Structures are given as structure tokens and as C-alpha cells.
Amino acid sequence: MRNFLFAFLGSGLLVFGVSPKACGGPVLYQPSYSMDEELRGPAETYGAQPGDIYMSLDNAWVAIGGHRLAFAGPPHHSGIVVARPDGTMGLLEAGPFNGIWVELIDLSYGLGEHERRGETVWIRRRRTPLTPEQSAQLTAWAVAQDGKRFAVFRLLSQITILRARGPVRTEYVGKPHGERGSYFCSELVVESCLHVGLLDPETTRPSATYPRDLFFDASVNRYLNEHPPLVHDWYPPARWVSCEK
């Protein structure tokens, strides 16, 4: 009886021209260096391009607690958009969904799954599209990193005196390593950008950079505050949602 009632009401809505709002697909709201819940309109259809950077707030206590211990704060996760070999858009992440592997996953699935898990998602779009050569390089790099380990022990070292981040030491340690056997999330994003020539290897410090530094173009770390990696070539963070609200 209940199912019949729902069906009847649904058909009535259609008869009288009232239907649920159709979803036009993923959108970005207006960019802002803010992590509040406000959706700043107008919304725009998100046309993903290689080199865009994803960030999110994670609800897992491990991610939240770990970032607090490292004096980092939110957001807690990041990844980079790449073109996959078949031409579809992918998301390269170290440790997606609190896993322990580097994965190159379908972009729509990845962003949608982060949202489904209750995470707030942002995208920093490239101001200048990658050249075909840069995009091809990024694709090859992403494929080569897929399946590598998440850098659990290097991440844990971020809460010790052995970390690459500090008032003085960041300038001298944490420099680019290129391809490694493992990565934590923001380290992978930064090394990926370095690999295709999007960042300056002289001033970039992958293993000392956290998602929060990538989000705000500002840092409590003196060196990173003087050399914010994304400030010139990426737009500020814009809220991503799978369907306009």
C-alpha cells in the first residue's frame, strides 16, 4: 500500500508539472580561501582539466588527529587531476579513502565517493591549461605511481623532530626527490607538478608541504609562507558538489 501511495504521489507531481530538480552534473561554486559551508554562487559547470588539484576535509578521526599532532590542520587530503591513457579524466591520490596505496581512479567516481563519505571537496583549477606534452608527461607519471605504497612511516615522522618541516629546517630539507617508492598525499601532488615543470624545484619542498599549505597559499611555516607553490598558476579553492544545490 505504501509503495502504491508513493507511486501515485510521484505520478501526480509529473501530471501537474512539478518534478524534482534535475541534476545537471558536477559544479564548482565561486573560489574563496575559506573552509566554511557557504556555497558562493553562481555555480559553474566543472570542466576538469589535467593539473587541477583536489582537496577535502576528512571525517576520519585518524586523519583529523594526525594533522593536529603535526600542527597542520584541515584540509586533510589532496590529489591531482590527470588524463588517463584512455583519454578519460582520473584522480591520482596517495591513500584515497584512508587506504594505504597510491591509486589512479576515475575522476567522477573519486570525487563522488569522497562526497558520499561526507567529505567537503574543493578544486583548485589551473589558470593556464597544460600543454599536450605536459599532459602526456603527467599521464605517464601517474600510471607509473599507481599501485605504490602510501608513505605511512614518513607521514608518522611529521609528528616527530625528524620531520622535514620546521622554522628553519624546511629551507634545507624536504627538497624534491622525484619518483619515490611511496608518498603521502600532498607530497605526491607536489612531486607530480614538479615532474611536468609546473613548480620551481629550487623553492618547492614536497615532503614539508601539507594540504593546508596548498589550500590557503599561506602557511604557519615561514619558508612555505614565503614560497607558496600554487599561488600564481592556480585559482583559489572552489567548492565542488556533484549536483548544484
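This is a predicted model: local features need pLDDT of at least 70, side-chain atom pairs count only at pLDDT 80 or more; totals for chains, interfaces and linings use all residues.

Trainee: How many disulfides does a search of the whole structure find?

Mentor: The search turns up one disulfide. Its partners are cysteine 23 and cysteine 243, with an S to S distance of 2.4 Å.

Trainee: Which parts does the pair tie together?

Mentor: Cysteine 23 sits in the loop between helix 1 (2–15) and strand 1 (27–28), while cysteine 243 belongs to the segment after strand 10 (238–241), so the bond links parts that are 220 residues apart in sequence.

Trainee: Remind me, what is a disulfide?

Mentor: A covalent bond between the sulfur atoms of two cysteines.

Trainee: What about cysteine 185 and cysteine 193?

Mentor: Cysteine 185 has 8% relative accessibility and counts as buried. Cysteine 193 is buried too, with 1%. The cut-off for buried is under 20%.

Trainee: New topic. What pLDDT does the protein chain average?

Mentor: The average is 86, and 83% of the residues score at least 70.

Trainee: Where is the pLDDT below 50?

Mentor: Residues 1–21 are one such stretch, and beyond near neighbours in sequence that stretch has five contacts in the model. Residues 64–70 also have a pLDDT below 50, and there the model has 14 contacts beyond near neighbours in sequence.

Technical notes. Residues are numbered from 1 along each chain as its sequence is written. Side-chain values use heavy atoms; hydrogens and water are left out. A disulfide is a pair of cysteine sulfur atoms within 2.5 Å. Helices (H or I, at least four residues) and strands (E, at least two) are DSSP runs, numbered from the N terminus. Buried means under 20% relative accessible area, exposed over 50%, partly exposed in between (1.4 Å probe, protein chains only). pLDDT is the predictor's confidence in each residue, from 0 to 100. Contact means heavy atoms within 4.5 Å.
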